[in-house]
Amino acid sequence: EKGELFFNVTEKLEDDESCEVETSTMIVGIRGTSLYVSDDTVILTNGKIKIEIKDPESKIKKTIEMEAGQKLTIVPSTEETGKNTYEINEATPEDLPDFAKEAILNDSTLAEKVAETFEITKAELVEELKESLSDGEDESDEDDDEDDDSPFDSRHSERPQQGGNQPKSNSDTPVLDNFGIDLTKAAEENRLDPIVGRETEI
C-alpha cells in the first residue's frame with residue numbers, strides 16, 4: 001500500500017547488520033520482528049524495536065523502545081507544544097489495515113506469533129481478522145448499492161467484460177461502446193439524475 005508497510009522479518013539480523021524504515025516523523029529499527037509502519041503510526045505485532053522520533057523544526061531526536069502489542073501514534077507539533085510528541089497505547093488486531101490482516105492470515109507461523117502477542121489463541125485471531133475483513137467488505141457493498149441507479153455504475157454501462165469469448169458487436173462504434181457510456185440510451189431508460197437549476201440553458 002502507498003505510504004504503508006507491513007514487515008515480517010523471519011530471520012534475526014546479525015549484530016553487524018541493520019535495517020531501518022525512515023518516515024518524515026521517525027526512524028524505525030527493524031530486527032526479528034513483525035510490524036506495521038505508516039508515516040505517523042507503528043503497530044508492533046511481534047518482538048521489540050527502537051524508534052527514533054524526529055522533529056523537523058527543532059531537529060531534536062528522541063529514542064524510545066516499543067514492546068509487542070503496542071501502537072505508537074505521532075502527534076504533530078502545535079503552537080503549544082512546539083514539537084512532535086507521541087502516544088503509546090495497547091493495540092488490537094483490528095487496528096491493523098486490511099492488507100496486514102491478510103498477510104497474517106496467509107502465514108500460519110506469523111499468525112501464531114501475533115496471537116501470542118495479543119494473548120489469544122490462533123483460532124481466535126484468525127476468526128477476529130476474518131470477521132473484521134468481512135465487515136469492511138459489507139460496508140463497501142452498502143456504498144456500492146447507494147449508487148445502483150447511476151448510469152456511470154459499471155453494472156449499468158454497456159461495456160463488455162474483459163477476457164473470455166466476447167460476442168461480436170454489430171455497432172458501428174465498438175470502441176466507443178467499450179469505453180464510453182450511451183447517455184442518450186441512459187436518458188431514454190430514465191437512468192440519469194434530474195437536472196436542477198439549469199432550466200434557462202435547457
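**Exercise 1. Is Glu-112 buried, partly exposed or exposed, and at what relative accessibility?**

Solution. Keep in mind that you're working with a predicted model.

- Step 1: Look up the value for Glu-112, which is 46% relative accessibility.
- Step 2: Compare it with the cut-offs: buried is under 20%, exposed is over 50%, and partly exposed lies in between.
- Step 3: Glu-112 therefore counts as partly exposed.

Now find its partner. The side chain of Glu-112 meets that of Lys-122 in a salt bridge, 3.9 Å from N to O. This pair links distant parts of the chain: Lys-122 belongs to helix H3 (residues 122-146) and Glu-112 to helix H2 (residues 108-117), 10 residues apart. Lys-122 is partly exposed too, at 29% relative accessibility.

**Exercise 2. Work out the overall layout of the protein chain: how many helices and strands are there, and in what pattern do they come?**

Solution. 

- Step 1: Read along the sequence. The pattern is β-β-β-β-β-β-β-β-β-α-α-α-α-α.
- Step 2: Check burial. Of the 202 residues, 28% count as buried.
- Step 3: The chain exposes about 14,100 Å², and carbon and sulfur atoms supply 45% of that.
- Step 4: Look at contacts between residues at least 6 apart in sequence. Of these, 42% join residues at least 24 apart.

**Exercise 3. Strands E2, E3, E6 and E7 form an open sheet. In what order do they stand, and which strands are at the edges?**

Solution. 

- Step 1: Write down the order, E2-E3-E6-E7, with antiparallel pairing.
- Step 2: Find the edges. Strand E2 (19-22) and E7 each have a single partner strand, so one side of each is left without a neighbour in the sheet.
- Step 3: Zoom in on one pairing. Strand E3 (residues 26-30) pairs with E6 over three bridges in the antiparallel sense. Met-26 has Ile-53 in E6 as its bridge partner.

**Exercise 4. Why is strand E5 described as largely enclosed, and which strands are joined to it by bridges?**

Solution. 

- Step 1: Count buried residues in E5 (residues 41-46). Six of the six are buried, so the rest of the structure largely encloses this strand.
- Step 2: Go to strand E4 (residues 34-38). Four bridges join it to E5, and the two run antiparallel. For example, Val-37 stands opposite Val-42 in E5. A hairpin of two residues connects E4 to E5.
- Step 3: Go to strand E8 (residues 70-75). Three bridges join it to E5, again antiparallel. Here Thr-41 has Thr-73 in E8 as its bridge partner.

**Exercise 5. Describe the aromatic pair of Tyr-36 and Phe-99: what is its geometry, and where do the two residues sit?**

Solution. 

- Step 1: Recall what to report. A pair of aromatic rings is described by the distance of the centres and the angle of the planes.
- Step 2: Tyr-36 and Phe-99 are 6.3 Å apart, centre to centre, with 65 degrees between the planes.
- Step 3: Classify. Planes over 60 degrees apart count as edge-to-face, so that's the label for Tyr-36 and Phe-99.
- Step 4: Place the residues. Tyr-36 is in strand E4 and Phe-99 in helix H1 (residues 98-105), 63 residues apart.
- Step 5: Check burial. Tyr-36 counts as buried at 6% relative accessibility, while Phe-99 is partly exposed at 21%.

Key: Residues are numbered from 1 along each chain as its sequence is written. This is a predicted model: local features need pLDDT of at least 70, side-chain atom pairs count only at pLDDT 80 or more; totals for chains, interfaces and linings use all residues. Side-chain values use heavy atoms; hydrogens and water are left out. Buried means under 20% relative accessible area, exposed over 50%, partly exposed in between (1.4 Å probe, protein chains only). Contact means heavy atoms within 4.5 Å. Accessible areas come from the Shrake-Rupley method with a 1.4 Å probe; for residues, only the protein chains shown count as cover. A salt bridge is a side-chain nitrogen of Lys or Arg within 4 Å of a carboxyl oxygen of Asp or Glu. Two strands pair if DSSP finds at least two bridges between them. Rings of Phe, Tyr and Trp (its six-membered ring) pair if their centres lie within 6.5 Å; planes under 30 degrees apart count as stacked, over 60 as edge-to-face and the rest as tilted.
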